[in-house]
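Colleague: I have a few questions about this one. Can we go through it together?
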Amino acid sequence: MTNFLAATLFGSMISFMILISPIVFTVLSANDAKNFLRKFFPRLFVFGMILSSLLLVFTLRELDLLNQKLSAIIFLGFFVNLFFITPKVNKYRDLEMSNVKNAKKIFSILHSVSVCIFVIQLILSLVIIFN
């Protein structure tokens, strides 16, 4: 079950990166893309929290210490992205659109942190699959 959950998590994350991310700004207006992503990301992060918490439960049952730690890190990444980074990303994006000084730089930093967390989670899910 651990491999199934980790693979489902990996698949959902890679699907976003390959299917949704590259086309959202090419087929939607800037405003529609903003609205779509602001609805999509919280759902993606909640889905990731659910899968990673289930993953943690199963790794606890299997007494697999490495996968327990990796699952907890993955869960924390979704939690931090959902409750701390994403609201600030949205705030600074709005401020950037209102031409507030330094908002673009802060937005870029926060967005980069969010992407790094996401990529680390993706890699950790692969480690769980192949562990």
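Colleague: Leaving aside neighbours within four places in sequence, what is Gln 121 in contact with?
Modeller: This is a predicted model. In it, Gln 121 is in contact with Met 13, Ile 74, Gly 77 and Phe 78, once neighbours within four places in sequence are set aside.

Colleague: Which helix does Gln 121 lie in?
Modeller: Gln 121 lies in α4, which covers residues 103–130.

Colleague: Is Gln 121 buried or exposed?
Modeller: Gln 121 counts as buried because its relative accessibility is 1%, and the cut-off for buried is under 20%.

Colleague: What lies 2.7 Å from a polar atom of the Gln 121 side chain?
Modeller: That is the backbone oxygen of Ile 74.

Colleague: Switching to rings. How many aromatic pairs are there?
Modeller: The count is ten. One of them is Phe 36 with Phe 40, a stacked pair with 5.6 Å centre to centre and 20° between the planes.

Colleague: Where do Phe 36 and Phe 40 lie?
Modeller: Both are in helix α2, residues 30–61. They are four residues apart, about one turn of the helix.

Colleague: And why is the pair of Phe 40 and Phe 41 edge-to-face?
Modeller: Because the planes of Phe 40 and Phe 41 are at 70°, and edge-to-face takes over 60 degrees. The ring centres of Phe 40 and Phe 41 are 6.1 Å apart.

Colleague: How exposed is Phe 41?
Modeller: Phe 41 is partly exposed, at 21% relative accessibility. Phe 36 is partly exposed too, with a relative accessible area of 33%.

Colleague: Which residues form the aromatic cluster?
Modeller: Phe 16, Phe 36, Phe 40, Phe 41, Phe 45, Phe 78 and Phe 118 form one cluster.

Colleague: What lies over the face of Phe 107?
Modeller: Arg 93 does, at 5.3 Å from the ring centre.

Colleague: Pockets next. How much space lies in the largest pocket?
Modeller: About 730 Å³.

Colleague: Which residues lie nearest the centre of the largest pocket?
Modeller: Phe 25, Leu 37, Phe 41, Phe 107 and His 111, out of 26 lining residues. The helices α1 (2–27), α2, α3 (65–97) and α4 each supply at least two residues of the lining.

Colleague: Last one, Ala 33. Buried or exposed?
Modeller: Ala 33 is buried, at 0% relative accessibility. Ala 33 is in helix α2. Not counting residues up to four places away in sequence, Ala 33 touches Val 24, Phe 25 and Leu 28.

Colleague: What separates the C-alpha atoms of Ala 33 and Ile 23?
Modeller: They are 9.8 Å apart, and the two residues are ten residues apart along the chain.

Terms used:
Residues are numbered from 1 along each chain as its sequence is written. This is a predicted model: local features need pLDDT of at least 70, side-chain atom pairs count only at pLDDT 80 or more; totals for chains, interfaces and linings use all residues. Side-chain values use heavy atoms; hydrogens and water are left out. Buried means under 20% relative accessible area, exposed over 50%, partly exposed in between (1.4 Å probe, protein chains only). A polar contact is a pair of N or O atoms within 3.5 Å; within protein, one must be able to donate a hydrogen and the other to accept it, and residues adjacent in sequence count only if both atoms are side-chain atoms. Contact means heavy atoms within 4.5 Å. Rings of Phe, Tyr and Trp (its six-membered ring) pair if their centres lie within 6.5 Å; planes under 30 degrees apart count as stacked, over 60 as edge-to-face and the rest as tilted. A charge sits over a ring if NZ of Lys or CZ of Arg is within 6 Å of the ring centre and within 35 degrees of the ring normal. On a 1 Å grid over the protein atoms alone, a cavity is a set of points where a 1.4 Å probe fits but cannot get out, and a pocket is an open set with protein on both sides within 12 Å along at least five of seven lines; lining residues have an atom within 4 Å of a point. Grid points are joined across faces, edges and corners, and a volume is the space filled by probe spheres set on the points.
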